[in-house]
Amino acid sequence: MQLSEKHQEYWQRNLRMTAVLLAIWFVATFVVIYFAPQLNEIVIMGFPFAFYMGAQGSLIIYVLIIWFYARRMNQLDNEYGVQEGEE
Amino acid sequence: MTAVTQSQFFQQLKKYYTFYTGGFIAFVIVLAILEQMGLPPKWIGFIFLGATIALYAGIGIMSKTADVSEYYVAGRRVPAIFNGMATGADWMSAASFIGMAGTLYLAGYDGLAFVLGWTGGYVLVALFLAPYLRKFGQFTIPDFLGSRYNGNLPRTIGVIAAIICSFTYVVAQIYGVGIITARLTGIEFQYGVFLGLAGILVCSFLGGMRAVTWTQVAQYIILIIAYMIPVVWLSVAHTGNPVPQIAYGQVLQQVTQLENEFNNAETTKGAAEASARAAFKAQQDSFEARIAALDEAVAAGTGDAFLEAQRAEAGNPDDFAATTDALKAAWKKSADGAKGKTGPVSAHATAFAGKGAEAKARANPDATEADIAAAKAEDQEASNIKRRNFIALVLCLMVGTASLPHILMRYYTTPSVRDARKSVFWSLFFIFLLYFTAPALAVLVKFEVYSNLVGSSFAALPAWVANWSAVDATLMKIVDINLDGIVQLAEITIGGDLIVLATPEIAGLPYVISGMVAAGGLAAALSTADGLLLTIANALSHDVYYKMIDPKASTVRRLAISKGLLVLVALFAAYTASLKPGDILFLVGAAFSLAASAFFPALVLGVFWKRANYLGAVVGMLAGLGVCMYYMVITYPFFGGVAANQWFSIAPIAAGVFGMPIGFIGVIVGSLISKAPSLEIQQLVDHVRYPNLVGDIDTRAT
């Protein structure tokens with residue numbers, strides 16, 4: 001089993017995407033928590049911002065991250081010809 | 001899978017579960033009508049309990065199997081969306097269903113660590129583990145460790161860690177089953193435990209993963225309906241908006257306003273609160289004075305005479321303290337209880353509030369500028385410690401989520417890598433539905449308590465208050481300490497578990513909805529217990545027996561051993577739960593730290609770093625687990641530890657924050673000081689990285 005250059009590229013792109021999504025996850029979680037007392041000064045629709053993020057906003061971002069990853073990776077599989085056949 | 005294609009199978013499932021959901025709703029409506037016609041609540045409880053357990057058993061019996069692949073991974077043909085629901089039920093335990101909203105009610109922002117931690121972990125599952133484990137395609141998590149690191153030692157460490165994490169967790173679930181059964185039907189806790197156990201066993205015993213999967217889907221549907229209906233109702237009642245997750249913003253503002261009023265002694269409500277707090281302060285002082293008198297008597301050698309005098313004064317009750325130490329402990333508890341009521345109301349949305357030292361210093365006319373500055377610094381320090389612990393706990397819960405074997409195992413059951421990725425999305429989506437509702441529920445109930453209960457007269461308390469304080473004083477206790485006949489917030493003591501269970505009554509819904517909520521809690525606890533028991537039994541039967549003791553064992557024998565172990569483990573867990581061990585909540589939290597420290601580094605580096613090898617995995621897993629356990633032992637009182645031993649003031653529940661980095665360092669250092677793994681292992685890593693390769697090896701287990 002020899003990996004072609006194309007295979008290497010697929011893996012590199014996967015790693016890049018993983019890193020970017022992980023960075024978004026990190027900001028949506030830990031940066032927001034760290035600055036929570038300051039961010040709570042901003043109030044939107046009755047919600048202090050950091051409270052809203054902890055209760056709902058970050059959760060929505062998590063769902064979107066996973067949705068995007070699944071969709072994009074499944075596309076990449078086809079693009080690089082490493083998709084699975086129908087069983 | 002010859003006769004039915006995957007898409008036909010999916011259509012069939014959709015039809016069954018739509019029909020099932022309709023049937024469940026019809027069942028609830030029929031019970032509601034019967035209730036109106038005079039069916040007593042006790043019967044409604046029995047019917048709910050009996051009908052749901054019979055249903056789960058029925059699915060279990062219909063899914064019985066003698067096929068190894070069906071038993072361990074449900075034949076690997078569970079469609080992404082159904083695997084998502086099953087994972088949701090597997091994931092959401094009694095603690096999520098019943099406890100979470102209560103924690104948020106009591107702790108406000110600081111309770112959100114659980115909401116964030118238990119959802120954000122799925123990002124890690126999606127990005128680092130699920131697709132790769134699916135491609136690897138065996139039966140258990142120790143399987144992966146054993147193959148990737150080429151040895152029985154990594155596999156054995158994996159088995160031990162999986163059992164430690166899962167067992168503490170399953171005991172908590174069975175405990176929850178006992179409590180709910182007892183409350184729903186009025187039978188004793190111990191019998192409730194074993195009744196619930198029977199429900200768990202009929203599912204998993206006959207059909208393994210296959211039965212558990214289809215039961216969990218059914219359980220998810222019940223639990224999400226049960227959670228949503230009362231919240232939506234309450235939201236409509238207070239805001240006219242049927243989407244509580246949006247509507248509670250305005251309610252939160254009203255809550256904040258009321259909090260300010262309670263804390264401002266110049267308003268009527270604030271003055272009443274101040275008088276109640278002063279009464280509690282007097283109570284605290286009186287108990288502390290008595291403790292001082294007791295200490296004096298003991299020091300003078302007249303402790304026993306003092307005890308006798310106190311007993312006589314109290315009118316010789318049977319439950320009076322037998323020793324001076326017990327008397328002191330009882331008084332200390334009363335003093336601390338009263339002390340907890342003397343402070344101002346903490347604001348719901350405020351993050352990492354300090355100790356309030358500054359406000360106290362400012363209120364003191366004798367305080368100098370320096371005193372105030374010192375108090376301010378003290379507040380800042382307390383707030384920083386809270387923030388540090390919050391971050392550490394969120395991290396441990398997230399990484400722990402991505403390391404718990406009973407969750408990871410579920411991604412072996414999808415038909416393909418593609419579906420595994422989609423399935424993580426559906427898993428989090430279904431979990432998210434409940435988790436992003438819990439904060440709304442907490443605020444809505446808080447508003448109800450602050451606006452309606454506070455200020456009402458003791459002569460005419462709402463019915464739900466009277467009912468619940470009669471059931472269990474730890475859940476609801478209310479005393480008129482300042483004797484003004486009016487309820488003040490400081491006079492109410494609420495236990496966290498009350499919030500979800502009492503919401504139907506608070507919202508003025510009929511008893512049948514209370515029964516449904518209890519059935520939802522039961523579904524949450526049973527489904528999680530099912531998944532955990534299967535994980536433990538599979539680790540023992542597949543990894544220990546089949547892979548290490550007798551690799552030539554026949555299929556029949558493997559399944560017989562697996563089922564036998566399942567029953568033994570279940571009985572042992574039920575026995576442990578029936579002893580009502582204390583500290584159960586701590587142990588559940590600890591399971592996340594342990595899983596995070598033991599599994600995460602070795603699993604992730606196993607996929608993302610080809611150089612990781614046998615020695616690295618052994619060193620990393622042992623070091624991670626070791627550091628995590630060591631920290632818990634030196635800091636947690638249950639193990640004889642003391643808080644003074646804490647590093648950076650991190651609470652023992654977040655011990656994984658130390659174990660995890662040590663685990664990563666262990667894998668890296670251990671790998672670098674020994675030989676690179678063989679070519680075959682490197683090929684295995686490539687194999688899991690690509691969903692499909694030409695000339696690929698095959699690692700799927702049969």
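Modeller: In this predicted model, 15 residues of domain 1 of chain B are in contact with 16 residues of domain 2 of chain B. The domain 1 side of that contact has 12 nonpolar, 2 polar and 1 charged residues. Domain 1 covers 1–39 of chain B, and domain 2 covers 42–581. Their C-alpha centres lie 29 Å apart.

Now the helices of chain B. Two numbers matter here. Packed helices are described by the angle between their axes and the distance between the axes.

Start with α8(B), residues 152–185, and α9(B), residues 189–239. Their axes come within 7 Å and cross at roughly 115 degrees. That angle makes α8(B) roughly perpendicular to α9(B). The crossing is right-handed. On the α8(B) side, the contact is made by B:Ile174, B:Val177, B:Gly178, B:Ile179, B:Thr181 and B:Ala182. They meet B:Phe189, B:Gly192, B:Val193, B:Leu195, B:Gly196 and B:Leu197 of α9(B). By class, the residues of this contact are 8 nonpolar, 4 polar and no charged.

Follow α9(B) to its pairing with α21(B). The axes of α9(B) and α21(B) come within 7 Å and cross at roughly 145 degrees. This crossing is left-handed. The residues of the contact are 20 nonpolar, 10 polar and 1 charged.

Next, α21(B) leads on to α22(B). Helix α21(B) spans residues 511–549, and α22(B) spans residues 555–578. The two axes come within 9 Å and cross at roughly 135 degrees. Therefore α21(B) is oblique to α22(B). Here α21(B) passes α22(B) in a right-handed crossing. Which residues of α21(B) meet α22(B)? They are B:Leu533, B:Ile536, B:Ala537, B:Asn538, B:Leu540, B:Ser541, B:Tyr545 and B:Tyr546. Facing them in α22(B) are B:Arg558, B:Ile561, B:Ser562, B:Leu565, B:Leu566, B:Val569 and B:Ala570. This contact divides into 11 nonpolar, 3 polar and 1 charged residues.

One is helix α7(B), residues 141–148, which is mostly covered: 8 of its 8 residues are buried. The buried residues of α7(B) include the charged pair B:Asp143 and B:Arg148. B:Ile141, B:Pro142, B:Phe144, B:Leu145, B:Gly146 and B:Ser147 are buried too. Just after α7(B), B:Asn150 takes a positive phi of about 50 degrees.

The other is helix α24(B), residues 600–608. Because 8 of its 9 residues are buried, α24(B) is largely enclosed by the rest of the structure. Its buried residues are B:Phe600, B:Pro601, B:Ala602, B:Leu603, B:Val604, B:Leu605, B:Gly606 and B:Val607.

B:Val255 has 24 other C-beta atoms within 10 Å, so B:Val255 is buried. Leaving out residues up to four places away in sequence, B:Val255 touches B:His348, B:Val443, B:Lys446, B:Phe447 and B:Tyr450. B:Thr52 is 203 residues from B:Val255 in sequence and 38 Å from it in space, C-alpha to C-alpha.

Last comes the partner chain. How many residues of chain A are in contact with chain B? There are 39, and they are in contact with 46 residues of chain B. Four elements of chain A each supply at least two residues of the side that touches chain B: α1 (5–34), α2 (36–39), β2 (47–48) and α3 (49–79). Helix α3(A) gives the most, with 17 residues. The chain A side has 26 nonpolar, 10 polar and 3 charged residues.

A:Tyr62 shows this contact at the scale of one residue. A:Tyr62 lies in helix α3 of chain A. Is A:Tyr62 buried or exposed? A:Tyr62 has 26 C-beta neighbours inside 10 Å, so A:Tyr62 counts as buried. Across in chain B, A:Tyr62 touches B:Thr119, B:Gly120, B:Tyr122, B:Val123 and B:Leu428. Within chain A, A:Tyr62 and A:Ala28 are 34 residues apart in sequence and 8.5 Å apart in space, C-alpha to C-alpha.

Note on methods:
Residues are numbered from 1 along each chain as its sequence is written. Chains are lettered from A and ligands numbered from 1 in the order in which they are written. This is a predicted model: local features need pLDDT of at least 70, side-chain atom pairs count only at pLDDT 80 or more; totals for chains, interfaces and linings use all residues. Domain bounds come from an automatic or database domain assignment. Two residues are in contact if their C-beta atoms, placed from the backbone, lie within 7 Å. Axes are lines fitted to C-alpha atoms, for helices over the stretch in contact, and angles run from 0 to 180 degrees between N-to-C directions. Angles under 35 degrees count as roughly parallel, over 145 as roughly antiparallel, 65 to 115 as roughly perpendicular and the rest as oblique. A crossing is left-handed if the near helix is turned anticlockwise from the far one by less than a right angle, and right-handed if clockwise. A residue is buried if 20 or more other C-beta atoms lie within 10 Å of its own, exposed if 12 or fewer, and partly exposed in between; C-beta atoms are placed from the backbone.
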